[in-house]
Amino acid sequence: MPEQKVVEAEHLLLEAPRERKFITGSQAFAEAVKRANVDIAIAYPITPQSETMHLVGDLYAQGYLKDYYRAEEEYGAMSAIAGAVRGGARAFTATSGPGLLRGLEAIVSWPGHRIPAVLGVMTRVVNAPLSIQPDNVELAYLLHSGLVVLHAENQQDVFDFTLAGFPISEKVDVYLPVVVATEGFFVTHAKGYVDLPPEDMKLPPRDPYKAPVPPTDCEIPPARIQRDAPVQKSNFMSYLIHAVWQQEIWSANERARKWIKHYIGGLIEVVNPDAEVFIVASGCAAAQGREAQRYSELEGLNVGLVKVKSLRPFPVQELRDTLKNAKAVIVPEHNIVGWLAKEVKAAIPNSGIVVDGPKVYGGMTLPVELIMEEVYKAFGIKKEKKTLV
Amino acid sequence: MQEEKKVIVPGPAGYNPKPAAFLGVDLPPPGRALLYGEEVDEEKAMREAAKAMLTRGNPTIFPGPLVLWGWNAAAMEKAKAVLELAQEIPNCRIIPMPDYRPKYPKIDPEAEINPNHPNLTILHNKIEACIFVGVHCHYANLSLRMIRAGTNCFTIALCAEMGHEDAMVSLRDQHAEEIRRFKDVLVQVRNEMGIEWEPKLPPENPSLPKEDWTKITPFDFGEYAALLMPRRGEVVEESE
């Protein structure tokens, strides 16, 4: 490994010269970890996450990380991450679909424990029936847990969001885990162009004393809460401490907004802000939405794109401002429940203009034509259906 | 300041009020402060905080572990600055927040304050103005929220980090030097208000037994005896 010099996150993310590489999403995760001065990575393999964690294991072998191991399963992996982080280490892990759900109890306790770590989520169908294909219904489970959740459209986002995830999560006013989600296979196993800063630069090491909670001390909450459960006693004070504790997690989540704006340029990206019809999408669906917006432009239709980069905190005000003059909002998704459409409906005052779809799931691809059908409907354009066979 | 601009004011705000961050209060950038949830000049916020500590009933400073324990030279210097500040506030008391463990079955509200039920200490001592200093941000935020919910106390946060939205006055990046600057502003405001006061230390904490460090033994540490203890007379100048 090359000698790495420590530079500020601002320099590494926003100023350093970049060189274009053609790499997979898994490689993009690893390239971010390589520059993030990560102390430890712990994971349990699951497709489509395995390749990423193999690559991170290679980084350990090369000396970039101080420690790396395969845990007994996801519950163990996510619990060990909490222990490592509370002990002062900077940690990275990743999982997918059923693995995420197996580790979920430990993961959703991270915000309450104030655990600043980065969790890669390479989305995969949730069983049953068993499948390894991409479907992002699992993200719905993460949206109400207090974690910061970023959703990467492509390999470049994977790199930028993962590298930015560490400084965002370790800000004293945030101090929450950051999830960097992206679609399994579509992004993790496909190649795309990624502009990378030099690999001889890395983030400053984590300073565990710059924190809103003391470093490891098992005699203070939340550790002690787990041991003798004092706030579970049934009296008003115990309810009150838990209530304000939850408020603190979500206040911290709110405070992440300014750091997301600072490091990754905002919670949303808007293409054609004066459009009549908008496509609002996150992750891989945003890539297809981007194509649909381009097709629309070629056909002379005034269509815009809102790519939602941050699912938590959710860009409520940004969406209200951007969509205030829209006559229709199309929300393509890679899941059956339509969690993003629900979020968008809840965010804007005129939710009736939101089209809940098109939705694909179970690993299906999301053809641009499917989004275009909704675009035509929104403009009242009738198109002949073509018979394919 | 216009009354309608005040977002965060002394309570009681209610059974379970929304935290300030949900109400759109943002932490200020370096060099700025929060006053009633609005971003203002540090000087303006300091003057309002000084007025509260000089005019409201039973002003009290709550020092947390970051100044109570001699972690390093900076913590010791900060603790000295807090004592200097306390001396300048008429009839000021110091009630420590030595740790964050819930105190069961019952806290001694004259001896300490605790983030799991800080309102008990505020209500018992009828504290109408207080300063949080050296409390880790997470626990300060829990406390400030509960105090605003259930008491009429005017809360001031002297934060070493980025500040606290739920305090009526929040000053950020407060270390020994900045705390001494706040003390100077407080003395200036006190003089302007014509309040006469000779600096003196707050009274001893009435509930704490007199400490006799000459007779301490490892048994005094109970189950913690096995943990690292500084040798008698040892002063830790700096930690890693």
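# Notebook: looking through chains A and B

I started with chain B, whose secondary structure comes to six helices and seven strands. Helices (H or I, at least four residues) and strands (E, at least two) are DSSP runs, numbered from the N terminus. This is a predicted model, where local features need pLDDT of at least 70 and side-chain atom pairs count only at pLDDT 80 or more, while totals for chains, interfaces and linings use all residues. Residues are numbered from 1 along each chain as its sequence is written, and chains are lettered from A and ligands numbered from 1 in the order in which they are written.

**Chain B overall.** I read the elements from the N terminus on and got β-β-α-β-α-α-β-α-β-α-β-β-α. Next I checked burial (buried means 20 or more other C-beta atoms within 10 Å of a residue's own, exposed means 12 or fewer, partly exposed is in between; C-beta atoms are placed from the backbone). Of the 240 residues in chain B, 43% are buried. Then I looked up contacts (two residues whose C-beta atoms, placed from the backbone, lie within 7 Å). Among those in chain B between residues at least 6 apart in sequence, 68% join residues at least 24 apart.

**Where the chains touch.** I found 22 residues of chain B in contact with 23 residues of chain A. Helix α5 of chain B (residues 137–150) gives the most to chain B's side, with six residues. I sorted that side by class: 12 nonpolar, six polar and four charged residues. For this, Ala, Val, Leu, Ile, Met, Phe, Trp, Tyr, Cys and Pro count as nonpolar, Asp, Glu, Lys and Arg as charged, and the others, Gly among them, as polar.

**The seven-strand sheet in chain A.** In which order do the seven strands stand? I traced an open sheet with mixed pairing, β4-β3-β5-β6-β8-β7-β14 (two strands pair if DSSP finds at least two bridges between them). Its edge strands are β4 (67–70) and β14 (310–312) of chain A, each pairing on one side only. The twist averages 20° from one strand to the next.

**Zooming in on β8(A).** Is this strand covered or exposed? I went through residues 178–183 and six of six are buried. A:V178, A:V180 and A:T182 are buried on one side, and A:V179, A:A181 and A:E183 on the other. As for neighbours, β6(A) (residues 118–123) pairs with β8(A) in the parallel sense over six bridges, with A:V118 opposite A:V178. Strand β7(A) (residues 148–151) also runs parallel to β8(A), joined by four bridges. There A:V149 stands opposite A:V179, and A:V148 stands opposite A:V178. Helix α8(A) packs on the sheet, touching β6, β7 and β8 of chain A, and its direction makes about 170° with that of β8(A). Axes here are lines fitted to C-alpha atoms, for helices over the stretch in contact, and angles run from 0 to 180 degrees between N-to-C directions. I also noted that β7(A), α8(A) (residues 155–170) and β8(A) make a right-handed β-α-β unit. Right-handed means that, with the strands pointing away from the viewer, the path from the first strand over the helix to the second runs clockwise.

**The five-strand sheet in chain A.** I found a second open sheet with mixed pairing, in the order β11-β13-β12-β15-β16. Strands β11 (268–271) and β16 (354–355) of chain A stand at the edges with a single partner each, so one side of each has no neighbour in the sheet. Inside it, β12(A) (residues 277–281) and β13(A) (residues 303–308) run parallel, joined by five bridges. A:F278 stands opposite A:G304 in that pairing.

Most residues other than glycine have a negative phi, and most peptide bonds are trans. So I listed the exceptions.

- A cis peptide bond joins A:A128 and A:P129, with omega about 0°; A:P129 is in the loop between β6 and α7 (139–142) of chain A.
- Another cis bond joins B:G11 and B:P12, omega again about 0°; B:P12 lies in the segment before β1 (32–35) of chain B.
- A:R114 is not a glycine, yet has a positive phi of about 55°. A:R114 is in the loop between α6 (104–113) and β6 of chain A, and is buried, with 22 other C-beta atoms within 10 Å.
- B:D173, also a residue other than glycine, has a positive phi near 55°. B:D173 is partly exposed, with 15 other C-beta atoms within 10 Å.
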